[in-house]
Amino acid sequence: MERVYNFSAGPAVLPEEVLKECQEEMMNYGGTGMSVMEMSHRSKAFESIINTAEDDLRELMNIPDNYKVLFLQGGASLQFAMIPMNLMKNKVADYIITGQWAKKAFEEAKIYGDAVAVASSADETFSYIPDCSDLPIRDNADYVYICENNTIYGTKFKTLPNTKGKTLVADVSSCFLSEPVDVSKYGIIYGGVQKNIGPAGTVIVIIREDLITEDVLPGTPTMMKYKIHADNKSLYNTPPAYGIYVCGKVFKWLKAQGGLGVMKEKNEKKAGILYDFLDNSKLFKGTVRKKDRSLMNVPFVTGNEELDAKFIKEAQAVGFVNLKGHRSVGGMRASIYNAMPIEGVEKLVEFMKKFEAENL
Ligand code: PLP
């Protein structure tokens, strides 16, 4: 069967080269006579897989030595609790609400302490990023929290908020490795890998060492302490081994592409093709303020729900799948992560032009 152009927001398209390698190694990884799925996480072979993955990620993101890289489970959503449990020394945290994922993290933090929303774009259905240059960050805030790329609404922080010296924590699930970042500006960068990096089930947490302490909220489960995972190099218990192996392959693929600077250029070019079309279309329209547009998730509408449904159906029939917008917002959304080839976007735009001509 032919592969489709998969515009899913996640789990999402992975590089074909990576999938092929996984297929080749499925039954016999590196002469071990077994699949990575069947392998002890304490084996030499797996030790090499996880160590190489970490080294490659460090190189790709230029991660400073005073940051730990943790490969964990529980998805991005478990971090919504793990962050306050580990970081809320004063039980005070300030959240910037730019969509549902930030809101969910905020609601979770409220269970553990005094979490306050210091900015929000809820007033305009999260179609923009609020001005974060002078927020009422509290003096005793343990951290300031953002969701850097808002998967559902298609917005992205182009400049980081002024946290007034407080630790910045960022959920980068849907923009992970899509462009270079200055890791030193964050206390924690984390994300589920199922959008830009690998299969669902693995979450990567990059955390500054001074934030990893025994001093966590009373009752914090062992598995939710950063320290236990950092001390055990992500092998405290059985890690999501196969997921880590695939992530490692994607890191190699990204390095072969030329690294994150090159990915940024490619992503700008890809997103540019779609946004340029939307800006000139008489039928389709982007839903996000131009300056805050995500390179990864591009929501758009026709303004007519029936026509939206027709478009999604016809697109699917010719191999452009998962273009339906999130159930909370409707319309369409094209997620164009690193592994979406430029031809996928070019062909989608061709199809949209044809649909426009037929339906205007
Ligand atoms: N954060 C963002 C930005 C997301 O897009 C998602 C999932 O789509 C999540 C968090 C939740 O991730 P998970 O399902 O891994 O818990």
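**Close-up views of a predicted model**

**View 1. Strand S9 sits inside the structure.** Five of the five residues of strand S9 (residues 188-192) are buried, so the strand is largely enclosed by the rest of the structure. Here, buried means that 20 or more other C-beta atoms lie within 10 Å of a residue's own, with C-beta atoms placed from the backbone; exposed means 12 or fewer, and partly exposed is in between. Strands (E, at least two residues) and helices (H or I, at least four) are DSSP runs, numbered from the N terminus. Ile-188, Tyr-190 and Gly-192 point one way from S9, while Ile-189 and Gly-191 point the other way. This is a predicted model, where local features need pLDDT of at least 70, side-chain atom pairs count only at pLDDT 80 or more, and totals for chains, interfaces and linings use all residues. Residue numbers start from 1 along each chain as its sequence is written.

**View 2. What flanks S9?** Strand S8 (residues 168-171) pairs with S9 in the parallel sense, over three bridges. Two strands count as paired if DSSP finds at least two bridges between them. Look for Asp-171, whose bridge partner in S9 is Tyr-190. Tyr-190 also stands opposite Val-205 in strand S10. S10 (residues 203-208) runs antiparallel to S9, and five bridges join the two.

**View 3. The shell around the ligand.** Which residues are around the ligand? They are Gly-10, Gly-75, Ala-76, Ser-77, Trp-101, Cys-147, Thr-151, Asp-171, Ser-173, Ser-174 and Gly-192. To be picked, a residue needs its C-beta atom, placed from the backbone, within 6 Å of the molecule. Helix H3 (residues 75-87) gives the most to this shell, with three residues.

**View 4. A three-stranded open sheet.** The strand order is S11-S12-S14, and the pairing is antiparallel. S11 (285-286) and S14 (332-335) stand at the edges with a single partner strand each, so one side of each has no neighbour in the sheet. S11 pairs with S12 (residues 297-301) over two bridges, and Gly-286 stands opposite Phe-300 in S12.

**View 5. The annotated span and the confidence.** An unreviewed UniProt entry places "domain: Aminotransferase class V" at residues 4-348. The end C-alpha atoms of that span lie 12 Å apart, and the span is 34% helix and 17% strand. The chain has a mean pLDDT of 97, with 100% of its residues at 70 or more; pLDDT is the predictor's confidence in each residue, from 0 to 100. For the complex, the predictor gives an ipTM of 0.99 and a pTM of 0.98.

How values were computed
UniProt positions renumbered as here; feature names shortened; annotations may be inferred.
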